[in-house]
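Work through the exercises below with the model open. Each task is followed by a solution in steps.

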Amino acid sequence: MNTFKLFLAGASLLALSTSAKAVDLEVTHWWTSGGEAAAVAEFAKAFDATGNKWVDGAIAGSGGTARPIMISRITGGDPMAATQFNHGRQAEELVEAGLMRDLTDIATAEGWKDIVRPSSLLDSCTLDGKIYCVPVNIHSQQWLWLSNAAFEKAGVPVPTNWDEYAAAAPALEAAGIIPLAMGQQSWQTSLAFQVLVVALAGSDVYNKVYGDKDAELAAGPELAKVFEAADKARAMSANSKVQDWNQATNMVITGQAAGQIMGDWAQGEFAVAGQVAGTDYTCLPGLGVNEVIQTGGDAFYFPVLKDEAKTAAQGELAKLMMSPEVQVAFNLKKGSLPVRGDVNLEAANDCMKKGLDILAKGNIIQSPDQLMSADSLTQVNDLFVEFFNTPSITAADAQKRFADIVASAD
Ligand code: GAL
């Protein structure tokens, strides 16, 4: 064969392999805030670089809105190629119904068991010994984010723990600052409550209540203390009328509010606004009381598809999401920690470094999504929306209702 024919044969082979490979994959997620969009763009960029195309299926309105849409598309026979869920039990029924792709062969070939830490992240993807998802980050909900400027304006030092923060509320209010920013999406008040449980009653109590469903403990004095603090948080956030979590974060960024109890995805918003951890804002893991990291976060699942080329591309995407470069690029923008310990995080900011230290010490707990079924958590979320919006419900009333939910939770 002469050189020209060889060239032609090579060119057509190349064309064949790219056309067999290059497919569009629709990926659904609920990452629509500034920081989230910047982070998800890193996945898209890396996937597009393989010659395939990331078709972005962002669903606005956070997880509570997105998940029912995702689930009904998958059960209704119109699956996307990949979708976000939180680590844990949200996709359990879809996996049991055989609608999610088994990724065990990829996970084994890529050595995920040796790479992913803590191992509970991969356990949350595992059902009957098979791996069904790619954990992409460690997000912890256990954080308080504070505006340094707001405290300066109120003439009080930036607090170092929950009690100091609560004590600063009158001075903040006198300076026209809302002490606590709280969005009204149902999961946000529930998040604040479980962060208070871990900080004020401790990780063991949290594990027993959310994990073992210990209703007696939920009704007892340790939780009564937490409900009193939740009552205080309700008063501190009474004038915070925003809906979305990132609108509440924005109130802290602009100094209209002094603080927000929120997961570390809030960091993505501070970063997009050009604010610097330690200088413009302060972060207190475990509300400065019980420094602990929750090792929940986000995972991607791949619905079973009948299309061979798309199935192959799903595998490429799964591997890519776990690759060291993509793990670093994505997590730096997202405000989360990578799921692998062997990556270079020199660029991590002060708050991420605090998170990494806590992780290294092993002060970790699982997220409510890993411990409780989605149905039970919906009941908990509903209770806290009602509590935060109805001052006439006393802390004691709410505690009783919470203990009843725990008693029948699974
Ligand atoms: C969580 C998710 C985070 C963040 C947050 C707010 O469920 O784990 O990645 O996006 O929702 O949208």
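The model is predicted: local features need pLDDT of at least 70, side-chain atom pairs count only at pLDDT 80 or more, and totals for chains, interfaces and linings use all residues. Residues are numbered from 1 along each chain as its sequence is written, and side-chain values use heavy atoms, with hydrogens and water left out.

**Exercise 1.** Classify arginine 401 by accessibility, then describe its salt bridge with glutamate 386.

Solution.
- Arginine 401 has a relative accessible area of 35%, so it is partly exposed; the class lies between buried (under 20%) and exposed (over 50%), with a 1.4 Å probe and protein chains only.
- The side chain of arginine 401 meets that of glutamate 386 in a salt bridge, 2.8 Å from N to O. The criterion is a side-chain nitrogen of Lys or Arg within 4 Å of a carboxyl oxygen of Asp or Glu.
- Because glutamate 386 lies in helix H21 (residues 374-389) and arginine 401 in helix H22 (residues 395-408), the pair ties together parts that are 15 residues apart in sequence. Helices here are DSSP runs (H or I, at least four residues) and strands likewise (E, at least two), numbered from the N terminus.
- Glutamate 386 is also partly exposed, at 34%.

**Exercise 2.** How many salt bridges does a search of the whole structure find? Examine those of glutamate 26 and glutamate 42.

Solution.
- The search finds nine salt bridges.
- Glutamate 26 and arginine 73 form one of them, at 2.8 Å from N to O. Glutamate 26 belongs to strand S1 (residues 24-29) and arginine 73 to helix H3 (residues 62-75), so this pair ties together parts that are 47 residues apart in sequence.
- Glu26, Arg73 and Asp78 are linked in a network of salt bridges. Glutamate 26 is partly exposed, at 26%.
- Glutamate 42 pairs with lysine 45, and the closest N and O atoms are 3.3 Å apart. The two are three residues apart in helix H2, and therefore separated by about one helical turn.
- Glutamate 42 counts as buried at 12% relative accessibility, whereas lysine 45 counts as exposed at 54%.

**Exercise 3.** What is the count of aromatic pairs, and which geometry does the pair of phenylalanine 43 and phenylalanine 300 have?

Solution.
- Rings of Phe, Tyr and Trp (its six-membered ring) pair if their centres lie within 6.5 Å; planes under 30 degrees apart count as stacked, over 60 as edge-to-face and the rest as tilted. By this rule the count is 23 aromatic pairs.
- For phenylalanine 43 and phenylalanine 300 the centres are 5.8 Å apart and the planes stand at 85°, so the pair is edge-to-face.
- Phenylalanine 43 is in helix H2 (residues 34-48) and phenylalanine 300 in strand S12 (residues 298-301), so the pair ties together parts that are 257 residues apart in sequence. Both are buried.
- Tryptophan 143 and tryptophan 145 have centres 5.3 Å apart and planes at 25°, so this pair is stacked. Both tryptophans are buried.

**Exercise 4.** Which residues of helix H12 are buried?

Solution.
- In H12 (residues 203-211) the buried residues are Ser203, Val205, Tyr206, Val209 and Tyr210.
- Seen down the axis, they fall within an arc of 155°, so they line one face of the helix; the arc is that of the directions from the helix axis to the C-beta atoms.
- Tyr206 and Tyr210 also belong to an aromatic cluster with Phe193, Phe227, Phe384 and Phe402.
- Lysine 213, which follows H12, has a positive phi near 55°.
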